[in-house]
Amino acid sequence: MIKVITYGTYDLLHQGHINLLKRAKDLGDYLIVGVTTDSFDLNRGKLNVRNNVMERIENVRKTGLADKIIIEEYVGQKIDDVQKYNIDIFAIGSDWEGHFDYLKEYCKVVYLRRTEGISSTQLRNEKQIQLGIIGTGRIAHRFIPESQYVNGVEVKSVYNPNIQEALDFPKKYNIPFVAHTFDEFISSVDAAYIASPHLSHFHYSKQLLEQGKHVLCETPITLKKEDTLELCRLAQIKGLTLMEANKTAYCPAFNHLITLIKSGVIGEIVDIEASISTLRLKGLRELDSKQAGGSITENVSFALLPIFKLLGTSYKDLLFFSSFKDNVDIYTKGIMRYPSAIASFKLGLGVKTEGDLVISGTKGYAYVSAPWWKTDYFELRYEDINLNKKYFYVYEGEGLRYELHDFISCINNGLSNSYRLTNQEMIVASEIIEKFRNNQCIYHLE
């Protein structure tokens, strides 16, 4: 019996996929099809996949061409699979010509002719979401290059009330349209990325949602609980996607860390410590009280993320300990009490601290080194050091491509928000910011 193996993502399964599977099947008597996992695709920088791995496996199964379906999870697995399943022929599309010649040491390698004129990329690009950007500051300059790595979206328009800044920005990035008014901007886009100052987030988000536009808003989405609640309700009523652009929430490594800990690998969680410090120079928006600057408004949404994911949003008590300068908290430590755990965060804009994340459990603890909010590595540590494990991941670019990918995916799948950062988590984060801004539960350090 001649065994053949082939691999693919098989996103938006189309006739080209089916033709390739038929050609592979004709090479032998038994066909094994490897389907890549979502995390493996992400680690390869493939951020445009529409169907999740279970949907893709089911679609391959329905073709009736695969005798066995396996999951491809890691680099180098092809060699392991060829030997494990005693493969005679490895088959792959001709667009990979020469790339897998290293497998000739283990089996015959065949590059199959592909069907011209159709591909998953073409299908994904048939409907481009027209995205506009509000604001032309530092984060917007990082966002545009990141958007180039996500299929199915085109940055078409930019808006800034300061028209001169708006005119200067698109010259660098070849954005085709500059909106002179907000109404012009709204009519030019399907969705918007809000990268404007904090105090404008609610106003812009509400107007966009009311006009039927999807919204990806920089963190914090609003500064008040009721405002965030209103936006979430409006998005659900309108059938639109509303997401907060908290890049850590969509980072592959961070999400794997959370799923591992939830599975019980370090036991029951009893303590979480999250620290973030990014020293800023006077004169920047982050240190301007009139623009809602400060350690809490800038960074608490990131620090709350692992706490909410592992302990939930129903905390019992909250205390802030803060050092202020020019009416801005340059350092704040927060302590949150849960029924069976304690969580704390340290945030600094004028004070430097080790920006790590420590999650303590009854069996061991997880350690993520600074900057943990850009997770590409973490450790699980135990009393018996022989059980310690280290995990390494790819963190591509600025990380903004991950949040944009999730945003486009939610739009295409008709979801109001992403499970990676839920409405409830956004609402409670806004509640905590509001408490701080209302001077509740704060102990002022001299």
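**View 1. The whole chain in outline.** A residue counts as buried when its relative accessible area is under 20%. By that cut-off, 54% of the 446 residues in the protein chain are buried. The model is predicted. It holds 14 helices and 20 strands. The C-alpha trace spans about 80 × 60 × 40 Å along its principal axes. For 446 residues, a compact globule would have a radius of gyration near 22 Å; the chain has 24 Å, which agrees. Among contacts with a separation of 6 or more, 68% join residues 24 or more positions apart. The chain exposes about 20,200 Å², and carbon and sulfur atoms supply 48% of that area.

**View 2. Strands 4 and 5 side by side.** Strand 4 (residues 89–93) pairs with strand 5 in the parallel sense, over five bridges. Ala-91 has Val-110 of strand 5 as its bridge partner. Strand 5 (residues 108–112) is mostly covered, with four of its five residues buried.

View 3. Strands of a sheet pair through backbone hydrogen bonds, either parallel or antiparallel. This open sheet has six strands in the order 8-7-6-9-10-11, and the pairing is parallel. Strand 8 (177–179) and strand 11 (242–245) are the edge strands, each pairing on one side only. From one strand to the next, the twist averages 25°. Strand 9 (residues 191–194) and strand 10 (residues 214–218) run parallel and are joined by four bridges. Ile-194 has Cys-217 of strand 10 as its bridge partner. Helix 9 (residues 201–210) packs on this sheet. The helix touches strand 6 (129–134), strand 7 (153–159), strand 9, strand 10 and strand 11. Its direction makes about 170° with that of strand 10.

**View 4. Helix 10 and its two ends.** Pro-220 sits in the loop between strand 10 and helix 10. The peptide bond from Thr-219 to Pro-220 is cis, with omega near -5°. Helix 10 (residues 225–238) has 14 residues. From first C-alpha to last it reaches 20 Å, close to the 20 Å expected at 1.5 Å a residue. Which residues of helix 10 are buried? They are Asp-227, Thr-228, Leu-229, Leu-231, Cys-232, Leu-234 and Ala-235. An α-helix has 3.6 residues a turn, so residues three or four places apart point the same way. The cover over the buried residues of helix 10 includes helix 9, strand 11 and helix 14 (423–437). Just after helix 10, Gly-239 takes a positive phi of about 70°.

View 5. Nine strands form an open sheet in the order 19-18-17-16-12-15-14-13-20, with mixed pairing. Strand 19 (389–392) and strand 20 (442–444) stand at the edges. Each has a single partner strand, so one side of each is left without a neighbour in the sheet. Neighbouring strands are turned by 10° against each other on average, direction ignored. Strand 18 (residues 377–382) and strand 19 run antiparallel, joined by four bridges. Tyr-377 stands opposite Phe-392 in strand 19.

View 6. Helix 11 (residues 252–262) lies across strand 12, strand 16 (357–361), strand 17 (364–368), strand 18 and strand 19. The helix runs at about 20° to strand 18. Helix 14 packs on the sheet too, touching strand 13 (317–325), strand 14 (328–338) and strand 20. Its direction makes about 55° with that of strand 13.

View 7. Pro-371 lies in the loop between strand 17 and strand 18. The peptide bond from Ala-370 to Pro-371 is cis, with omega near -10°. Asn-327 lies in the loop between strand 13 and strand 14. Its phi is near 65°, a positive value in a residue other than glycine. Is Asn-327 buried or exposed? Asn-327 is exposed, because its relative accessible area is 67% and the cut-off is over 50%. Cys-441 is found in the loop between helix 14 and strand 20. Phi of Cys-441 is also positive, near 60°. At 34% relative accessibility, Cys-441 counts as partly exposed.

**View 8. Lys-282 and its contacts.** Lys-282 is found in the loop between strand 12 (269–277) and helix 12 (295–311). The residue is exposed, with a relative accessible area of 73%. Leaving aside neighbours within four places in sequence, Lys-282 is in contact with Leu-287 and Asp-326. The C-alpha atoms of Lys-282 and Gly-350 are separated by 9.3 Å, although the two residues are 68 residues apart along the chain.

Definitions and conventions. Residues are numbered from 1 along each chain as its sequence is written. This is a predicted model: local features need pLDDT of at least 70, side-chain atom pairs count only at pLDDT 80 or more; totals for chains, interfaces and linings use all residues. Side-chain values use heavy atoms; hydrogens and water are left out. Two strands pair if DSSP finds at least two bridges between them. Axes are lines fitted to C-alpha atoms, for helices over the stretch in contact, and angles run from 0 to 180 degrees between N-to-C directions. Contact means heavy atoms within 4.5 Å. Buried means under 20% relative accessible area, exposed over 50%, partly exposed in between (1.4 Å probe, protein chains only). The expected span of a helix is 1.5 Å times one less than its number of residues. The radius of gyration is taken over C-alpha atoms; the globule rule is 2.2 Å times the number of residues to the power 0.38. Accessible areas come from the Shrake-Rupley method with a 1.4 Å probe; for residues, only the protein chains shown count as cover.
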